[in-house]
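The following note collects several local points for a colleague examining the coordinates. Each point may be checked against the structure shown here.

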Amino acid sequence: MSHSLYDDTTPEEVKNAKGLHLITMSTPNGQKVQIMLEELKDLYGISWTKSFINIMTNEQKKDWFLRLDPNGRIPIIIDNTQSPPFPVMETSAELLYLLKFADKNDVLGFTDELERSEALQWLFFWHGSGAPYQGQTNHFNKFAKEKIPYAIERFKNETLRVYGVLEIRLSGKYTGEPREYLAGKGKGKYSVADIGTWPWVKGWSFSGFTEEEMKPFPHLLKWIDRIAERPAVQRGVGEEYTMK
């Protein structure tokens with residue numbers, strides 16, 4: 001506790017944690033890592049501890065949190081098996097860290113380099129092109145103090161465009177072979193690419209999209225339902241991660 005990661009204001013449950021520790025709130029970004037950990041629990045029996053913070057109070061902007069993640073965003077994982085403890089920020093980086101250090105058999109990744117590249121492409125696609133647009137759709141549609149029609153329309157249309165990209169991939173429009181998952185040969189394999197994308201896309205209704213607007217994406221909707229059936233996914237978005 002003498003290292004600079006922690007100070008006197010760091011919550012006790014954070015600075016005294018052993019092994020993997022997750023600081024989260026069950027938003028789409030939080031759910032990515034929550035699901036990944038739950039999947040790894042089913043595969044290997046891994047364990048971790050967790051702390052919840054309410055981002056609506058800007059707890060993540062306080063100095064103790066910024067020491068761990070200067071960007072002030074949840075979730076963050078701290079690997080206390082490293083010396084000194086090693087914090088990992090940014091959800092895609094967190095998924096890849098857990099894949100590297102906890103998924104020894106690459107069940108949620110790939111050993112084939114081309115398949116691995118596919119997974120990275122789709123993981124980064126959503127991180128850079130999907131989540132920002134849908135996040136801004138949520139903001140201007142639900143939380144902005146002033147309703148700005150141009151902003152709402154722009155980000156809504158961009159999110160629908162990105163949904164269309166996922167639909168192209170899953171439908172096999174240009175390959176002639178529909179897919180069940182985003183990366184991997186043939187119909188694909190459930191992987192970090194799906195885990196990094198699903199928590200946002202499944203919230204299309206919350207973002208304000210209607211069933212009529214989602215009709216052009218039948219393969220995407222089936223993909224949402226397919227992943228929602230996984231026990232680890234259900235736990236990763238479930239009551240255990242709800243702030244009391």
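1. The model is predicted. Asp 106 is partly exposed, its relative accessible area being 23%, a value that lies between the 20% limit for buried and the 50% limit for exposed. The residue sits in the loop between α4 and α5 (113-143). Its phi is near 55°, which is positive although Asp 106 is not a glycine.

2. Glu 90 belongs to the loop between β4 and α4 (91-102) and, with 31% relative accessibility, counts as partly exposed. Most residues other than glycine have a negative phi, and most peptide bonds are trans.

3. Two cis peptide bonds should be noted. One joins Ile 74 to Pro 75, with omega near 0°; Pro 75 is in the loop between α3 (63-66) and β3 (76-79). Another joins Ser 83 to Pro 84, also with omega near 0°, and Pro 84 is located in the loop between β3 and β4 (86-88).

4. Is Glu 39 buried or exposed? At 3% relative accessibility it counts as buried. Glu 39 is part of helix α2 (residues 28-44), and its side chain forms a polar contact of 2.8 Å with the side chain of Arg 230. Beyond four places in sequence, its contacts include Leu 108, Tyr 190 and Ile 195.

5. Helices α6 (residues 149-171) and α10 (residues 218-228) pack with axes 7 Å apart at an angle of about 85°, and are therefore roughly perpendicular. Among the residues making this contact are Tyr 163 and Leu 166 of α6 and Trp 223 of α10. By class, the contact comprises six nonpolar, two polar and one charged residues.

Key:
Residues numbered from 1 in each chain as written. Predicted model: local features only at pLDDT ≥ 70, side-chain atom pairs only at ≥ 80, totals over all residues. Heavy atoms only, no water. Helix = DSSP H or I, 4+ residues; strand = E, 2+ residues; numbered from the N terminus. Buried < 20%, exposed > 50% of the residue type's maximum accessible area, 1.4 Å probe, protein only. Polar contact = N/O pair within 3.5 Å; in protein donor to acceptor, adjacent residues only side chain to side chain. Contact = heavy atoms within 4.5 Å. Axes fitted to C-alpha atoms, helices over the stretch in contact; angles between N-to-C directions. Parallel < 35°, antiparallel > 145°, perpendicular 65-115°, else oblique. Nonpolar A, V, L, I, M, F, W, Y, C, P; charged D, E, K, R; others polar.
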